[in-house]
Amino acid sequence: MTTNPLDADRPPEPERRGRRRRGGGSGRRDESVLVPDASFQSYYGHRIVKPAPWKGDIAAYLFLGGLAAGSGLIAAGGAAAGYPALRRVGRVASVGAVALGGVALARDLGKPSRALNMMRTVKLTSPMSVGSWILAAFGGFSGAALVSELGASLVDRQSRVGTVLRVVDPPLAVGSALFSAPLAAYTAVLLADTASPTWHESYRELPWVFVSSANLAASGLALVAAPVEQTGPARRLAAISAVVEVLAFERMQRTMGSTLSEPLHHGRAGAFVTASKVLTVGGALGGVLFGRNRAAAVASGLALMAGSVCTRFGVFEAGIESAKDPRYTVGPQKERLERRRAAGATDDSITTSR
Amino acid sequence: MGFWTNQLSGPTDPAVDAAWESREPRKGFFTDTSICIGCKACEVACKEWNAIPEDGLSLLGASYDNTGALGASTWRHVAFIEQTSERIEQARESGRRLVDLGMPSLRTSGASDPVTAGVGPAAAPPGTDPVADRAAAVAQADAAQALGTVPDFRWLMASDVCKHCTHAGCLDVCPTGALFRTEFGTVVVQDDVCNGCGYCVAACPFGVIERREGDETVKNVGVAQKCTLCYDRLRDDQTPACAQACPTTSIKFGDLDEMRALASERVTTLHDNGYTEARLYGADPHDGVGGTGSVFLLLDEPEVYGLPPDPRVTTADLPDMFRKAGFAGVAMLAMAAVSFLGRRR
């Protein structure tokens, strides 16, 4: 803007919408006061990286995949340690959650008719490709385990079919247990392997949060659906996982730093995270203290599952928000660039003087 | 250089890594924003040639920029920035700081290094006489410095485009193989393979690729779309549409080695002229994405143009991510085991 003596007679111009060029500042800025902003500049406040075009379906899948994985583990544990109710509940839940999760994933695609293109290749650099294969393998094992479960209740144990089922059942339980851990953990890598600042920087601890959350959801469902005499392992699993999740979440925020953990405390994401803490801790305590009362077990179980839903939606929304505001992209990048320059590194910057 | 080194970060030749047998030189752009006049011919030529659908006709109130940003249906985007003398001084200062840092002291690598070989004054394109140009430039610089003040206003205009990174996050994370590396070292989406999962959108450190929205009448709706560096034209030895249309040669196209050399020469000329704010973006193969296939000459900090100041391809950390997830997975099994091994009630 050029100035001339007549400008003194001109009233200050109010700022137009969308003219905010200096990010990090408050909404409106009087253009007649041109104070350089010390923090950083942005292009009209536009985002730099794009948020994932994913909707609630994907957050729901994060929960369902975790529920399936945890249930697969509980089913295998129940089969091995002799808790038939846990085994049955776990098998039904894992298959149901995998099926619902698969539907959620396909619904979110831009071209749902091409969902099977996920199986077109095996690509280790793509957590989504790796995850598709993990999901398929887990689905296969737990589906077969469910068939075995149903078959065993329909046919005579001494018949030939019954013998076959008794032989194949343990390997199926082991298979679904072995694929349950990758199924619960890969979704953390899926989110972290993006340019969304809060997701990427959470990669050290997010897998711990997600596997604990998977255990919590599954043990919650077991508390709801299985008779209290058999839910002892589920209650213990809930207690251990709640402790791990709370600790991992705290540590995650500390490693990310105050700027990048900010989206976890604001807006809808912040509400989800707070709710998840209350529900998880409350559900775990309820399960441990009053788990032998049927009504209390159901209430605790529901709280644990709701807590897991909130954890997933909180982390999901926080990452999307962190991509939308250029502050979270530019600020931490400039800081790390300055740190490297201060340490004397002059040959690894994208901006060069020659 | 062994095949397994620098597959996720660092300098490398991406077309060779993608196992192309026919060796084409890596192609790229050099976008010299100092001579961009903001005519948007590149945007129009790109839309015309690639038959990209309309994606909004609104006034954005962002200077002359009514395009907004790169996206599924915008593969060239001209940014407009209005700056006062204060900002120009700051840009000049930050540029001077870069010069003082002496960046980049290009690592001394063997002449066999396919990436850094050929970068430098020796690789100046035939037909130009750098010595005579330099003398003229110095004379101009002296004249400019004698006049000597910072203007009270300037426009920055810059035509942004897909960076065709050496280590492309979008390509790495694509689960279907729809994104691929061409023989020219560029990154292209196969419209008929992409299932619209949207992972590439979140993975791009520059916010370039996007899933196309719209109703069923829109071409390639629901599919990830971005600049192809006119792959169809390249295969017929043609120049990409944007570079062909650019009236000021602000967008230059050619072998990437040549583009980097041109860029290096141009920034030196501008520095000699007293424009210390000039700097290159994407010319360093040691940066977080292994160098870009689109090199830019900027006149201010990258974030002023909406570019990330220190992008890093997310998959550079992927081995560590899988390792950490592996530990967590084992911990999950252990948690379950402990729960079931506990005393029976």
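Visitor: Are H6(A) and H9(A) roughly parallel or roughly antiparallel?
Guide: This model is predicted: local features need pLDDT of at least 70, side-chain atom pairs count only at pLDDT 80 or more, and totals for chains, interfaces and linings use all residues. The axes of H6(A) and H9(A) (lines fitted to C-alpha atoms over the stretch in contact, with angles from 0 to 180 degrees between N-to-C directions) come within 7 Å and cross at roughly 150 degrees. Angles over 145 degrees count as roughly antiparallel, under 35 as roughly parallel. The two helices are therefore roughly antiparallel.

Visitor: Which residues of H9(A) does H6(A) meet?
Guide: Residues count from 1 along each chain as its sequence is written, and chains are lettered from A and ligands numbered from 1 in the order written. Contact means C-beta atoms, placed from the backbone, within 7 Å. On the H6(A) side, the residues include Val209(A), Leu216(A), Gly220(A) and Val224(A). Their counterparts in H9(A) include Ala297(A), Gly301(A), Leu304(A), Ser308(A) and Arg312(A).

Visitor: Which element gives the largest share of the side of chain B that touches chain A?
Guide: The interface brings 85 residues of chain B into contact with 84 residues of chain A. Elements giving two or more residues to the chain B side include strand S2 (76-84), helix H3 (85-101), helix H9 (256-272) and helix H10 (318-341) of chain B. The largest share is 16 residues, and it comes from H10(B).

Visitor: Which strands stand at the edges of the five-stranded sheet?
Guide: Strands are DSSP runs of at least two residues, helices of at least four, and two strands pair if DSSP finds at least two bridges between them. The sheet is open and mixed, in the order S1(A)-S9(B)-S10(B)-S1(B)-S8(B). Each edge strand has a single partner, so one side of it lacks a neighbour in the sheet; these are S1(A) and S8(B).

Visitor: Which residue of S9(B) stands opposite Thr351(A)?
Guide: S1(A) and S9(B) run antiparallel and are joined by two bridges. In S9(B), the residue opposite Thr351(A) is Tyr281(B).

Visitor: Which residue of S8(B) stands opposite Gly28(B)?
Guide: S1(B), residues 27-32, pairs with S8(B) in the antiparallel sense over five bridges. Opposite Gly28(B) stands Gly254(B).

Visitor: Where in chain A does pLDDT stay under 50?
Guide: The mean pLDDT (the predictor's confidence in each residue, from 0 to 100) of chain A is 89, and 89% of its residues reach 70 or more. Helix H6 (residues 206-225) of chain A has the highest confidence, at 97. The stretches under 50 include residues 17-29 and residues 31-38.

Conventions: Two residues are in contact if their C-beta atoms, placed from the backbone, lie within 7 Å. Angles under 35 degrees count as roughly parallel, over 145 as roughly antiparallel, 65 to 115 as roughly perpendicular and the rest as oblique.
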